[in-house]
Each structure stands twice: as C-alpha cells, then as structure tokens.
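Please keep the sequence and the model in view while reading.

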Amino acid sequence: MSKKSRNPDPRAGEKFSVDRVRVTKMADENGSVESLDRLPSAVLATIMTKLDLPSICSIASTCTTFHSCASQLLNFLPNFHLLEISPTVEFLRPLLPPNPFLRSLKVDCGQLDDSAIQLLLKPSLHELYLHNCADFSGKLLSEIGGCCKDLRSLYLSSVAEKRGRAIHIADLEELLSGCTRLEALTLMFDVSFFLRQNFARVWAMASEKLTSLEIGCIYSVTITELLSQNLGISNSMNHVGPSMWPNIEKLCLSVDYITDAMVGAISKGLVSLTHLELQDAPIIEPRFSFDLTNVGLQQIKHLSKLKHLSLVRSQEFFVTYFRRVNDLGILLMADGCADLESICLGGFCRVTDTGFRTLLHTFSNLNKLRVFHGIQLTHLVFHDISATSLSLKHVSLRWCSLLTNDAVKNLSLNKDLSFLDLRDCRSLRDEALQAISTIPKLKTLLLDGSDISDAGLSHLRPMIMNSLVSLSVRGCKKLTDKSITVLFDGLSKIELQELDLSNLPYLSDAAVLQLTRSRFAISELRMRQCPLIGDISVMALASMQVNEDQRHGSSLRLLDLYNCGGLTQLSFKCQSRPFLHVACHGEELGADHWDNSDILYMHHYDEVDEFEQWLFDGEVEDDEDDDMADAENDGELIL
C-alpha cells in the first residue's frame, strides 16, 4: 500500500518577491529613493501583514526597524505558513511567540520531533498542516486532541515513520474525541496496523461535522466493516453504534486492494459523497474476491451527487491492472453519474475506445479527464469530440502508448484547455505540437518521453510568450542544445516559470549558457539525468541576472541536478544564492500524492510491457476458478 504523502507547493502563498526587498535596499544605499524604514510603524505593520512569512523574515533581516516591526507582528499574525524549508526548533522558537490570534499553522516538520509539540500547538488554531512528521511519535495525535479543541482542518503526514517511533490506538482516540469540530481530516500515514475491532470503536468518536477524510494507508476490509453498520449489518465488531461519517462528502483512500465489497459499502453507505478517490497498490495479482469487477463499478451509480471520481491501480510494487473491468462496467457506472465533472481512471487495461468515449459523450459537464495506463486507448476516442460540450480544461493521458497525433489534433478543439499531460505517449511527434500551439489558454504542458524534435518545439514559441507557465520535455531523447535556441532565442519576454529538461542525453552546458543569456525569470529548472551537464552550467545559473540592470538578481528557486554526469565539488562552492534550493539526491518536489509515477520513470522507452504484449498477441488462460467467477460476475449485472 502506498504511503506517499502530498508534497506542498513551495510557491504556495507567495505574495512578495525577496528580490524586490533587495532592490529597495540597494536603491536606498545609493541614495536614489527614500528608505522605507522611515515610515510610521503602523504603516510598516500594515504593509508587512500583506506578506507571506518567508518575506517577513527576509525583510526583517535588512534593518533594526524592520526587525522590530516583524517581531511585534508575529504576536498577532493570523497565518504562519512555512513549507519552503524544514526549520529546526531553534529556528522556529523566536517566530512562534504566544499569539492568541493564530488561526492557521503550516510547517514542514522534517527536522522536528516530539520536543517541538508544545511550540507548534496553539489552542486558537482552526487549521493545522504538519508535513513530514516522521520523527514524531503518536504523542503528536493525542496532544493535538488535548490542545487544539477548535480545529476545523487537520493534515498530518508520515507520522512515526522513523524507526523506533510508534502510534497507539489511544493516540488516535484522543485526537478524534478531542477535536469535535473537525470538518476536514487528512492522515497521510499507515493506519493499517490498528486492530479492526478497536479501530471501529475509535472512529465512532469522529466529529459529526466531518465532511472530508483522506487516509494514506488502510486495508480495504477495514473500510468495508466500518461502513457496514451504515447499511444495518450487524457483526461482532460493530453490533451497535451511530452511522459512520454521516456527513462525509469527500473520501480519499489508499488501500491494499480496491474490491467490489469496499466500493459497494462506500456507494451505499456514504450517499452524500461528491468526491471519491480510491487508489490501491497490490503486491501480488489480485484474486477475484479481492478485486474490482464490473459488478463493483456498477455500484458507484448509487452516488447520484458525485462530481469527482478517481479509481487508480498503482504499479508501485507490482505491474498489475484492473483485469476484471471492461467497457460494460464503464457503461453501467456512467448510467447513474451524469453530473460528473472530473474523472480519473488508472490501470483499466480492458477498457477500449468504446468505454472511454462513453465518458466524453455522457458527462456534459466534464472538465477534467485523467487516464493512466490506458493501453487500449487510441485516437478514435476523440475523433468526434466536436459532438461533445468541448468543456475540457484539464486532460492527462499518461502511459497511453497507442495515442497518436490525430488524437491531439482533436483534443485541441477544447479551447479552454489549461493543463495537458501527455507523458510517456511515445507515438507523439512534431505534428502534435503544431496542434497544441492552437490552444490559447494552455498553461501546463507535459510531454515526457514523446518523439518530438528540436524543430517541433518551435511551434511552442508563441505559447511560451503568451500563456505557457510550465513545460516538461523530460526524456524526449531527440532533443539537443538547439531546443533551447528555438524556444527562447530572440524573445523579449516569456510567461514560462517551470522548465524540465531532465534525461536529455544531448543537452550540454552550451544550452544552459544560452538560457542564462536570455535572462528570463524561470523559477524551477530541472536537468536531472543529463550526462553532459557540468560545473559550467551551475556557475552560470548561480550568477544569472533577470535583466540587464543587474539589480533584480535571479528568480531561480529550484535547481534539480540529480545524477548529472559532469558535476564536481566545484559546483557547490557558489555562495551567492542563499534562496536557491538545489535538489541533488533524487527528491521530487510538488508531486501529487496519488501519483507516485516519478519513481517509476527511469526506464528505456523501447521496452515492451509483458502484459501489453500478451494483450495484443493473444490471451493466456486464467485459472478455472477465475473464469467461472468472471462469468458469474457478468451474469449478475443489473441493467
């Protein structure tokens, strides 16, 4: 079961540029403008309340007046958000004085442990977001329940994952019984080790106001048994008790197996759901009784209020698929969920163009479509897309190896598209880029592993100038240094802020020098697994200025250099970029916690998956029991 936790966006809440503070200070030193520190303290405090916490800390370091104002401001600051770095206790202590007005606290706890609990927890908090809590024990949960009685939203990730740390059922009990006003609860860590009998008793104490619940690792049978009392089913573990999670609207679970029993219990026991996300990560091929079939998928039609649906089979531990769901299951599910606005299907290897086309033509309000490992999805799904509402704004078609340029041409008719993910669609070539260039509002484009060339990238130049904010061409093996020239040469301004050039064997220092000479304000640059990138690139990027007056510094905040072949210790001696995070240990930042595919990315594009080969060459014989069960399964479908 996956225990991946959501990584926070390092740019979240950014309202003020640290470089702008430097500019103001530099201009002041030259006597060209009046110093801000001469303003009345009340005016300064008003200005500083508009800044995020990192900017407040930065401006406080420039002079004693700002430092004094910042110190006072911390006593009544309503929001304390520090996710860009992992602070120590010593760093946090002066920043978290007694503050009865503090309502929201968000911290990366990568360098904290139980000794920081009293510092972090405040009775006034309504929102608490603690990320990377591996060195905390279950005491964190019990203390939150005892101290933060007024919490509305709680996020905890990786609690007690470090060896020697433990969580007891009593800790969870204290949390749930103490935080009686909780409306949103996210526990992104393993809770599967709790005994199911105790687990049901404790969860009965959860706030009746709870509308959103996310759990990072739990057994599907536990969920089935928890919800069985909502259906009036009595057994030894839930013989008496109120309905479980009666007002829940959003449920996100990562389980061992997505099964018919669990989906049925959710669909019939939580009828108010508008948002359902289920992901599993099998360690062996699921047997019939521990798998999702057409019968289970059909049960989702009972969720008549459903707006968002995500069903994903992860291949984190084992290459496996939903082998017992076909087009019929999709048709039956769609029959009762006409109001779906967002759908994500991952690992449905037996669903063909007919099933996927049903999604586009049934859900008139569909604006987000995500398909992973759609190994039978072809361009025919989109050939008559003009007959739909053309309302798509977010499309992700990853690992869909049969997808061709024609599919992208038809997709481009959705002129409101802002996000397009075509990673690992290996048949896409330059013609696809020409079609993509006609999408006027596109902000994010991910083309990892496609068969595009330097010349094809030239079609994206107008988009980089006008709309495109994030571009990834990771693993596009044909690209060379010329790709940087065709994208940026001669442009005076760009919208692009994030660029991923990772795993390009022909990308060298010359391309990076060309990029630095452009002096564009790129904030994230990833060049991992580039064997020709070396010290020259790092030193050039460290000294890069945004514009010619040399006063705005560089906007670069993240530089990913993992496993670049030409790096030496010389690269890490540049001291002029204290605000730059250099990722050199393979970490991934900003990844969706339901999408752990980055760790699977390193592969050869010419490899053929054994299951795909079987699918197209001819079926293998299943066990007799499975054959009989599948036959019974289809026979039980209620049209």
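Which residues of helix 3 are buried? They are Leu53, Ser55, Ile56, Ser58, Ile59 and Ala60, where buried means under 20% relative accessible area, exposed over 50%, and partly exposed in between, with a 1.4 Å probe and protein chains only. Helix 3 (residues 53–60) is thus mostly covered, with six of its eight residues buried.

The model is predicted, and local features need pLDDT of at least 70, side-chain atom pairs count only at pLDDT 80 or more, and totals for chains, interfaces and linings use all residues. Residues are numbered from 1 along each chain as its sequence is written, and side-chain values use heavy atoms, with hydrogens and water left out.

**Overall make-up**

The protein has 23 helices and 19 strands, these being DSSP runs numbered from the N terminus (H or I of at least four residues for helices, E of at least two for strands). Of its 639 residues, 54% are buried. Among contacts with a separation of 6 or more, 76% join residues 24 or more positions apart, a contact meaning heavy atoms within 4.5 Å. The protein exposes about 27200 Å², of which carbon and sulfur atoms supply 52%; accessible areas come from the Shrake-Rupley method with a 1.4 Å probe, and for residues only the protein chains shown count as cover.

**A helix pair**

Helix 9 (residues 196–203) and helix 10 (residues 220–228) pack at an angle of about 50°, with their axes 10 Å apart. The axes are lines fitted to C-alpha atoms, for helices over the stretch in contact, and angles run from 0 to 180 degrees between N-to-C directions. Helix 9 and helix 10 are therefore oblique to each other, given that angles under 35 degrees count as roughly parallel, over 145 as roughly antiparallel, 65 to 115 as roughly perpendicular and the rest as oblique. The contact is made by Arg196, Phe199, Ala200 and Trp203 of helix 9 together with Val221, Thr222, Glu225 and Leu226 of helix 10.

**Covered helices**

Helix 20 (residues 509–518) is largely enclosed by the rest of the structure, because seven of its ten residues are buried. Those residues are Asp509, Ala511, Val512, Gln514, Leu515, Thr516 and Ser518, and they pack against helix 19 (482–488), strand 17 (524–526) and helix 21 (535–542). In helix 14 (residues 353–362), the buried residues include Asp353, Gly355, Phe356, Thr358, Leu359 and Leu360, and their cover includes helix 13 (327–334), strand 10 (342–346) and strand 11 (368–372).

**Loop residues and positive phi**

Val473 lies in the loop between strand 15 (470–472) and helix 19, and is buried, with a relative accessible area of 1%. Leaving aside residues up to four places away in sequence, Val473 touches Asp448, Ile452, Leu457, Leu479, Asp500, Leu501, Ser502 and Leu504. The C-alpha atoms of Val473 and Ser502 are separated by 7.4 Å, although these residues are 29 apart along the chain.

Most residues other than glycine have a negative phi. Leu390, in the loop between strand 11 and strand 12 (394–398), has a positive phi although it is not a glycine, and counts as partly exposed. Trp399, in the loop between strand 12 and helix 15 (405–411), also has a positive phi, but is buried.

| Residue | Phi | Relative accessible area |
|---|---|---|
| Leu390 | about 50° | 27% |
| Trp399 | near 60° | 16% |

A positive phi, near 60°, is found in Arg519, which follows helix 20.
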